[in-house]
Amino acid sequence: MHCELKKMTNGEVLKIFEASGGLLSGHFLLTSGRHSDRYMQCAKLFVDPEHAEQLCAALAQKLKGVDIGMIASPAIGGIVMGYALARQLGVKNIFAERNAEGRMEFRRGFSVKPNERVLVVEDVVTTGGSVREVLDLVRASGGAATGAACIVDRSAGRVDLGCPLYSLLSMEIPSWEATACPICKAGGPPLVKPGSRK
Ligand SMILES: [Zn+2]
């Protein structure tokens, strides 16, 4: 395993994003009905294990000095990244999943030791909803929530989890109401609904 000691710049992270197809440029119709010129699919970063390793090695650098006993992540988005980051940090890794009532819980025999220092990991944080739920679950299970980590903080530092959030890239993607979309106004490329099947 190669581990570069230098810090990865935002440009380098974005280069991996583009190489993986995780960041598309164009004219997109979001689920909210708004239009955007970029679309992010974070899961694509983990299709190539080499990309996943590079990003998680860089994030592990940022986490130097943080006391971490284990990683817990929300299913499904955080599972692969949790594993990849745990590998870099040399710690154990578990994940939480929703039960029939929609609440996060540890299943499959997963548990947190009393006062274990737990880092909650998710690939992308926007509102921080599921990360916050897993942080609460960790505390309710007797563990200590050390903080949270993600590849992309899409709130650009605005989300408040009640603990530190470590991110590799802090980035807000602008979007507009359809009537105010500058791409539509400029007669740009046709509108695409990302993720939809042809
Ligand atoms: Zn538009």
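# Report on a predicted protein chain

Helix α1 is followed by G21, a residue whose phi is positive, near 80°. Helices (H or I, at least four residues) and strands (E, at least two) are DSSP runs, numbered from the N terminus. The model is predicted: local features need pLDDT of at least 70 and side-chain atom pairs count only at pLDDT 80 or more, while totals for chains, interfaces and linings use all residues. Residues are numbered from 1 along each chain as its sequence is written.

## The chain as a whole

The protein chain has 5 helices and 9 strands. In sequence order they give the pattern α-β-β-α-β-α-β-β-β-α-β-β-β-α. The radius of gyration of the protein chain is 18 Å, close to the 16 Å of the globule rule for 198 residues, so the chain is as compact as a globular protein of that length. This radius is taken over C-alpha atoms, and the globule rule is 2.2 Å times the number of residues to the power 0.38. The C-alpha trace spans about 60 × 45 × 30 Å along its principal axes.

Of the 198 residues, 37% count as buried. A residue is buried if 20 or more other C-beta atoms lie within 10 Å of its own, exposed if 12 or fewer, and partly exposed in between, with C-beta atoms placed from the backbone.

Helix α1 covers residues 10–20, and V13, I16, F17 and S20 in it are buried. These residues cover an arc of only 105° around the axis, which puts them on the same side of α1; the arc is that of the directions from the helix axis to the C-beta atoms. G11 and E18, on the other side of α1, are exposed. The buried residues of α1 pack against β1 (23–29), α2 (49–62) and β8 (165–170).

M8 lies in the segment before α1. M8 is partly exposed, with 19 other C-beta atoms within 10 Å. Leaving out residues up to four places away in sequence, M8 touches V13, A58 and L168. Contact here means that the C-beta atoms of two residues, placed from the backbone, lie within 7 Å.

In soluble globular proteins, nonpolar side chains tend to be buried together. The largest nonpolar core has 52 residues, and L55, A72, L85, V120 and I151 have the most contacts inside it. Such a core is a set of buried Ala, Val, Leu, Ile, Met, Phe, Trp, Tyr and Cys residues joined through C-beta atoms within 7 Å.

## An open sheet

An open sheet is formed by 3 strands in the order β1-β2-β9, with antiparallel pairing. β1 and β9 (175–176) stand at the edges with a single partner strand each, so one side of each has no neighbour in the sheet. Two strands pair if DSSP finds at least two bridges between them. β2 (residues 35–40) and β9 pair over 2 bridges, and W176 in β9 is the bridge partner of H35.

## Backbone exceptions

Most residues other than glycine have a negative phi, and most peptide bonds are trans. A cis peptide bond joins A75 and I76, with omega about 0°. I76 lies in the loop between β3 (70–74) and α3 (79–89).

R108 lies in the loop between β5 (104–105) and β6 (117–125), and N115 is also in the loop between β5 and β6. Neither residue is a glycine.

| Residue | Phi | Other C-beta atoms within 10 Å |
|---|---|---|
| R108, exposed | positive, about 55° | R108: 8 |
| N115, exposed | positive, about 60° | N115: 10 |
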